[in-house]
Amino acid sequence: MLYSAVINVMVKAARRAGRNLKRDLGEVAHLQVSLKGPANFVSLADKRAEEMLYSDLAKARPGYGFIGEEGGNREGADKTHTWIVDPLDGTTNFLHGIPQFAISIGLAREGTIIAGVIYNPANEELYIAERGKGAFLNDQRLRVAGRRKLDECVIACSLPHIGRGDHELSRREMSAIQSRVAGLRRFGAASLDLAFVAAGRFDGYWERNLSPWDIAAGQIIVREAGGIVSGVTGDDDALSSGNVICGNEFVHAELLKILKPLG
C-alpha cells in the first residue's frame, strides 16, 4: 500500500529499532537490567531503542518535539508537532521472554494525535493509522468487533502489581465486570491492547494510570477502526487523564456504565 510520507518515516524508524529489540529478545538472559521502580524494569534495550527512534525521527523531521518514556520531553523548534514515543511497551514481558511487546509512535499536531504506528517485532505485526484514512494491520484494513452483547465479549484490562495502581479499585472493577463478560484478559502491553481492540480481537479494554506514550498511537488506531476511546468519565480525554475505556459504541457505553460509578 501507499502511505503518506510521515507514516513511512514512522514505519521505517519502528522497523529499524525493532530489529535490535528482536535480537535482544533472543538474548534476554544476558541483558543488563536496572531497577527503575518496584517490579518496573528498564533495560539497556529500552534506552537504546528510544535513542535510535529519536535519531531517526529527528533526522526525518527536524524541529519536531519528542516525548519519550525514557528520555522525557525534548522540545523542538517546531512547537506544533510532537512525537510521543514508547520505545518498548511491555518491558516486563520482554525481559521475561514473552513476545507481547511493541514500539509505539504517535504524532501530535497542536495537541491532536494525527498518526500512529504500533509495531511488535517479535511477530512482525505492524498497526498504522492516520487521521481520516483508516487503520491497518500489515496492509489489511481494520474494524472493531461488532458484538452487542456483553456476555459474548472478551475484554482486556490491567492488573496492578507491587507499587503500581490502586489495587482495591482494580478488584472492585474486575468483580463488577467479570460476571458480565465472556472473558477478561491481561496481556501487559497497553499499546497492543488498544491495537487488539482495533483489530477486533478484543471487544473492549479499560485501564487507569497510563502515560501519554502508552495511549497516543493506539488511540488513533482504535478510532480509525471505528471504535470509541475516552477516559473513565466518558467526557474526558484519555491522553490527558491517563485513564482509558474503548470498544465499539455499545461496548464502550456498557463499560462506562459499569466503571464510572466505581472510580
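Modeller: A helix is a DSSP run of H or I with at least four residues and a strand is a run of E with at least two, both numbered from the N terminus. This is a predicted model, in which local features need pLDDT of at least 70 and side-chain atom pairs pLDDT 80 or more, while totals for chains, interfaces and linings use all residues. Residues are numbered from 1 along each chain as its sequence is written, and side-chain values use heavy atoms, without hydrogens or water. By the DSSP rule, the protein has eight helices and 15 strands.

Colleague: How do you know that H1 lies across strands, and which strands are they?

Modeller: Contact means heavy atoms within 4.5 Å. By that test helix H1 (5–25) lies across strand S5 (78–89), strand S6 (102–109), S7 and S8. Its direction is about 30° to S7, where axes are lines fitted to C-alpha atoms (for helices over the stretch in contact) and angles run from 0 to 180 degrees between N-to-C directions.

Colleague: What makes S7 and S8 a pair?

Modeller: Two strands pair if DSSP finds at least two bridges between them. Strand S7 (residues 112–120) and strand S8 (residues 125–130) are joined by six bridges and run antiparallel, so they qualify. One example is Val117, whose bridge partner in S8 is Ile128. Both strands belong to an open sheet of eight strands, ordered S4-S3-S5-S6-S7-S8-S9-S10 with mixed pairing.

Colleague: Why are S4 and S10 placed at the edges?

Modeller: Strand S4 (72–74) and strand S10 (140–141) each have a single partner strand, so one side of each lacks a neighbour in the sheet.

Colleague: What is the strand order of the five-stranded sheet, and which strands are its edges?

Modeller: The order of this open sheet is S12-S11-S13-S15-S14, again with mixed pairing. Strand S12 (183–185) and strand S14 (228–230) pair on one side only, which places them at the edges. Neighbouring strands here are turned by 15° against each other on average, direction ignored.

Colleague: What does Leu184 touch?

Modeller: Leu184 is in strand S12. Leaving out residues up to four places away in sequence, Leu184 touches Ile155, Cys157, Met174, Ile177, Gln178 and Trp206. Cys157 is 27 residues from Leu184 in sequence, with 6.9 Å between their C-alpha atoms.

Colleague: What makes one space a cavity and another a pocket?

Modeller: On a 1 Å grid over the protein atoms alone, a cavity is a set of points where a 1.4 Å probe fits but cannot get out, whereas a pocket is an open set with protein on both sides within 12 Å along at least five of seven lines; lining residues have an atom within 4 Å of a point. Points are joined across faces, edges and corners, and a volume is the space filled by probe spheres set on them. The structure holds one cavity of 30 Å³ or more. The largest cavity has a volume of about 30 Å³, and its lining takes two or more residues from each of H1 and H2.

Colleague: What lines the second largest pocket?

Modeller: Its lining consists of Asn8, Val9, Lys12, Ala13, Arg16, Asp56, Lys59 and Ala60, and its volume is about 150 Å³. H1 gives the most, with five residues.

Colleague: How do you know that the protein agrees with a compact globule?

Modeller: The rule is 2.2 Å times the number of residues to the power 0.38, with the radius of gyration taken over C-alpha atoms. For 263 residues a compact globule would have a radius near 18 Å, and the protein has 17 Å, which agrees.
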